[in-house]
Structures are given as structure tokens and as C-alpha cells.
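Good morning, and thank you for coming.

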Amino acid sequence: MSDPVENIKEEQVFQSIINKEGLNKDDILNLNWDRFVVYVDLRQKGKVVQSGYNDFTLILKEHKGESKNRSLILVVSESSKLKLDNLLEIISRSKSLNLDFFLAIVDKYGDITYYNMSETRLSK
């Protein structure tokens with residue numbers, strides 16, 4: 001899990017980039033660009049987004065000013081490998097937190113495809 005203080009700093013970097021304010025070079029170099037692309041896309045769609053529990057997740061909030069979270073979004077590059085165990089763990093975590101789970105895949109052109117995923121049990 002990432003440090004909440006780091007998440008606040010990253011949110012400030014996101015806002016600085018969006019607002020074209022002065023930025024620290026190291027902050028820009030250390031930014032997860034795929035996650036930034038998804039963050040900007042969701043913000044442009046009017047969604048309230050905040051940093052998730054690690055460098056590859058985002059939290060989609062209900063409304064600005066409300067504390068209720070609605071969705072957990074895992075951001076991955078189309079060229080990265082994702083282990084099924086890791087994916088199932090994140091789906092279970094979102095289910096335990098009563099959050100919808102989305103997988104956001106970013107291609108080499110910055111286009112994003114969102115998939116809503118859930119765990120299901122098949123009976124015999």
C-alpha cells in the first residue's frame with residue numbers, strides 16, 4: 001500500500017499538470033503515465049477521482065465532497081503482463097470494500113478501454 005501523503009502529493013502533481021502550473025522535474029519523471037491518462041480521462045468525463053491504494057489503482061468517488069467510494073480501477077498498459085492471482089486478489093479486495101471493479105487498459109496511443117469485472121461462482 002502506498003503512503004497517503006504520497007497520494008496527496010501525486011494528486012497535486014496531477015492537478016499541476018492539468019492546470020499547467022510550475023512542476024518539479026522529478027515529480028514528472030516518477031509519474032505513472034498510464035494512470036495519469038486514465039485520471040485525466042475520468043476527470044474530463046466529470047468523474048471525481050482520487051489515488052488508490054497503490055501506484056496502479058484509482059478510486060472513483062460518488063460525488064465531490066462525499067466520502068463514499070463507488071469503484072476501484074486497476075490501470076494497466078496493454079504491453080504489461082498481469083498475473084491472474086493478482087487480478088483475483090484485487091477483485092476480492094474491491095468486493096470486500098463493496099466497490100465495483102474496473103480494469104482500465106491503456107494502449108500505446110493512450111487510448112483507454114474499460115472493463116467491468118466481477119467474481120462469480122458457478123454451481124454444479
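**Confidence and overall layout**

In the protein chain, confidence is lowest in helix 1 (residues 4-19), with a mean pLDDT of 53, and highest in strand 4 (residues 100-106), at 94. Here pLDDT is the predictor's confidence in each residue, on a scale from 0 to 100. Helices (H or I, at least four residues) and strands (E, at least two) are DSSP runs, numbered from the N terminus.

This is a predicted model, in which local features need pLDDT of at least 70 and side-chain atom pairs count only at pLDDT 80 or more, while totals for chains, interfaces and linings use all residues. Residues are numbered from 1 along each chain as its sequence is written, and side-chain values use heavy atoms, with hydrogens and water left out.

The protein chain averages a pLDDT of 78, and 72% of the residues score at least 70. Over residues 1-8 pLDDT stays under 50, and the model has nine contacts for them beyond four places in sequence; contact means heavy atoms within 4.5 Å. Where pLDDT is low, the predicted coordinates should not be read in detail.

How many helices and strands does the protein chain have? There are four helices and five strands, and from the N terminus on they run α-α-α-β-β-β-α-β-β. Of the contacts in the protein chain with a separation of 6 or more, 42% are between residues 24 or more positions apart. The protein chain exposes about 8600 Å², of which carbon and sulfur atoms supply 50%; these areas come from the Shrake-Rupley method with a 1.4 Å probe, and for residues only the protein chains shown count as cover. Of the 124 residues in the protein chain, 34% are buried, where buried means under 20% relative accessible area, exposed over 50%, and partly exposed in between (1.4 Å probe, protein chains only).

**The interior**

Let me now turn to the cores. A nonpolar core is a set of buried Ala, Val, Leu, Ile, Met, Phe, Trp, Tyr and Cys residues joined through side-chain atoms within 4.5 Å. The largest one has twelve residues: Phe36, Val38, Tyr39, Val40, Leu42, Val49, Leu58, Leu60, Ile73, Val75, Ala104 and Val106. Helix 3 (33-44), strand 2 (57-61), strand 3 (69-77) and strand 4 are the elements that give two or more residues to this core. Its largest share, five residues, comes from helix 3. In soluble globular proteins, nonpolar side chains tend to be buried together.

Just after helix 3, Gly46 takes a positive phi of about 85 degrees.

**Strands and a loop**

Strand 1 (residues 48-51) and strand 2 run antiparallel and are joined by four bridges; two strands pair if DSSP finds at least two bridges between them. These two strands form a hairpin with five residues between them, and Gln50 has Ile59 of strand 2 as its bridge partner.

Beyond four places in sequence, its contacts are Leu58, Ile59, Leu60, Leu99, Asp100 and Phe102.

Val106, in strand 4, counts as buried because its relative accessibility is 1%. Its C-alpha atom is 9.8 Å from that of Trp33, 73 residues apart along the chain.

Finally, Asn98 lies in the loop between helix 4 and strand 4, and at 70% relative accessibility it counts as exposed. Asn98 has a positive phi of about 60 degrees although it is not a glycine. Most residues other than glycine have a negative phi. Leu97, in the loop between helix 4 (84-96) and strand 4, is exposed too, with a relative accessible area of 52%.
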